[in-house]
Amino acid sequence: MDVPHDIEVARLLEGLPDAIVVADSAGRIVYANRAAGRLFGWSPEELLGKSLTVLMPPRWHAAHQAGFHRYLTTHETRLLGRTIQASGLRKDGREMGVELSLSTFRQSDGRDFIVATLRELAPQVVLDPASAAERATQDRLAFLAEAGALLDASLDYAATLQLVARLAVPRLADCCLVDIFEENGAIRRVATAHRDPEKESVLRTTEDRYLAQGEHPAATVLRTGAPVLHEDITDEIWARMARDESHLQVIRALQPHSWMFLPLTTRSRTLGTVAFVLSEPGRRFSTEDQVLAQELSRRAALAIDNARLYTEARRERERLYSLFMQAPAAIAILRGPELRYEFSNRLNQELTQGRTLVGKTVDEALPEFEAQGLREVIERVYRTGEPFVGKEIPIILSTPAGEKTLFMNGIYHPLRGEDGLVEGVMVFAYEVTEQILARRQVEVAERLFRTLTNHAPVGIFLTNADGDCEFVNPRWCELAGLSPEEAAGRGWVRSLHPEDAERVFREWYEAAQARRAFESRYRFQTPQGRVSWLQGSAVALRDSSGSITGYLGTVTDITAQQEAEAERERLLTDLKQAVRQRDDFLSIASHELKTPLTTLRIHVEMLERMASRQGMDGASERVRTKVEKIERQVTRLEDLIHMLLDVSRITQGRLELEREEMDLSELVREVASRFSEELEDAGCAVHLTVRPSVRGRWDHGRMDQVVTNLVTNAMKYGKGKPVDIEVGAFEDHPYVRVVDHGIGIPPEDQARIFGKFERAVSGQRYSGLGLGLWITRQIVEAHGGTIRVEDTPGGGASFTIELAR
Ligand code: ADP
């Protein structure tokens, strides 16, 4: 048994004139004072452990249970802290009116108790049964008290009104009906009570559909808001009122002789009607009945209104709740100095990785906050009542997958109670991680771009889509001698060399307008006059939709390259001129040499003749030998001069062929026999493999020159080794091949030796001008033939000329 520990308090309670009954959360009486025993006719000890319902008439039990249950689940009761009138039941079965007030009491162990304080209502009236009028008044008061308590006990007004209607029958009328306006404007019957259960069920099933009909008194009351009272209603009136035959049947079954339709009105709105019907002919509503009915309807209206307001408030609350729940921001409410989560919406839940927050303190739910100083921030808001607005606050959460950093924008806002004191903190935040990461990426890209452009060895510029300058890098500025500000827009044009300015300006803006890439070579000239040659190029920059947003261009300093090219050009010109001068000189020199050489030959020949005429003595024999030697040298000189003359003739394109019918085999035999002595001197045995006759139309003299050249070369470079000469024809192509077994020609030189002055040997070991093969090739090619050289197997060179006939 739980009784107050304190003796003084217990004595105080025992001495009170008011009855005190304490019940536990199961509705069992745990304490009753002496006055309670007196009031209900029980000894206090008897009451202990009994249900509270023993103290009330049975018709109250349902309402009591409902109210009690509601209190237990919601901790809300509309009776708490108020004094109401109710009916009490004594142990001897007598009912009495009581004044009741309820309060709650929570013990230190957390258990809840209900404390009822009761006082008998007008006991003198009850005690004096002689006064019928007073008893009637007492009855009415008790009735009202009961109805009022019922109406107060529940928010389910339809069910409550049904209880009240039943209370009114048969005390106030034979039938009681309650119709109310729904929020959508329809009329709905919410309570039906008839002293005859059969009639009640008829009423329930049929009457509803006639309510909205114009002449129905309920409709009239709803329309006008004024009560309607009809007495002595006759069959005639029923017939008039009935909408149809079956309606009339219903009315007749009910036998209404008197009725009262009262409006249910609050705040000047008619919420519905309550009808009281008397079925006994001649019975009428007394004035007291009417007053009582009016009071009842007033209270019922109040109850409906309250219930509706409450429902509306609850709906509003639910709406707000779901709004907060679904808000696209994280919302949470922390309550009390320990900062305990009272509310956390979906997004907040997601952000905290689905941790359970509600019911926990910040420390329990998010221990990471302490080290990050966030708890301190929230606490300060609670302490000072100053809101905190944070931008891009990093929050590090530990997750099973490791630490995760979120960036949040948010507000911690103090929540104040009615007294203005801070009771909690509201958190409103939204995540900006993605934006921040994106921005950081852009920053990194930008830094990279700056670093690259700052150190790039080429000038870099960016323009808008029109081609006007928006950015230049340091190298560009250095080349142009302009600052970025000076280059902006069309300022860059000042960097152009005066001779190139107009052209480049035109080329650039034409390219930009035509959305073309740009490529050009031009000069910059700095304001200090330094000129540099540039290779400029630019490409279009496009956005994701493909439209051009600007151009990215580079200028590369090609001054050194340009200068090298100019130098090469100059050298080439010089070289060409030198070659021309050489050729001119050779041509002039050989011509000039020819004349004295011709004269020299005449004189040598005269000398020879003179020497041979003078008989064959010893002295003249020596002279003759000398003269012969002189003649040989003259011949060599003539050959060299011929060669030089040939070169200048060919160079000037004056090689003219005099073709005639001739036999290549015969020519080769002639040359071989002409050189037989020299070949022998050189130790070269000659093998001729010659087809009897290989004929064609060629320049005889020039072909002689070709064969002579090849044979003398074979002799010179293949001294002491045999020489094979072959004449034949591949298919229809006559050929001559001269094969020696001499020093041969390195592969890398084989192509080169056919060039003018090209040699593959040193001048000290082998004399020569390096012109023979060149002339040979010119002659062969002039005949439409070819010449090639190959290695002779075992060493030596093998020259082949092929001719067309
Ligand atoms: P030259 O004999 O006066 O030097 P050529 O034009 O006749 O000029 O020959 C060019 C070069 O080709 C020679 O200097 C020599 O190096 C090479 N050459 C020509 N014929 C032969 C050969 N039969 N064997 C080896 N080398 C040869």
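Predicted model: local features only at pLDDT ≥ 70, side-chain atom pairs only at ≥ 80, totals over all residues.
1. Tyr 735 is buried, at 8% relative accessibility (buried means under 20% relative accessible area, exposed over 50%, partly exposed in between, with a 1.4 Å probe and protein chains only). Residues are numbered from 1 along each chain as its sequence is written, and side-chain values use heavy atoms, with hydrogens and water left out.

2. On to the rings: there are 18 aromatic pairs, counted when ring centres of Phe, Tyr and Trp (its six-membered ring) lie within 6.5 Å, with planes under 30 degrees apart stacked, over 60 edge-to-face and the rest tilted. Tyr 717 and Tyr 766 make a tilted pair, 5.0 Å centre to centre with 50° between the planes. This pair links distant parts of the chain, 49 residues apart: Tyr 717 is in helix α25 (residues 700–717), and Tyr 766 is in the loop between β25 (733–739) and α26 (772–782). Helices (H or I, at least four residues) and strands (E, at least two) are DSSP runs, numbered from the N terminus. Tyr 717 is buried at 19%, and Tyr 766 is buried at 15%. Phe 730 and Tyr 735 are stacked, because their ring centres are 4.3 Å apart and their planes are at 15°.

3. Do look at Arg 490, which lies over the face of Tyr 509 at 4.0 Å from the ring centre (NZ of Lys or CZ of Arg within 6 Å of the ring centre and within 35 degrees of the ring normal). Tyr 509 belongs to an aromatic cluster that includes Trp 508 and Phe 505.
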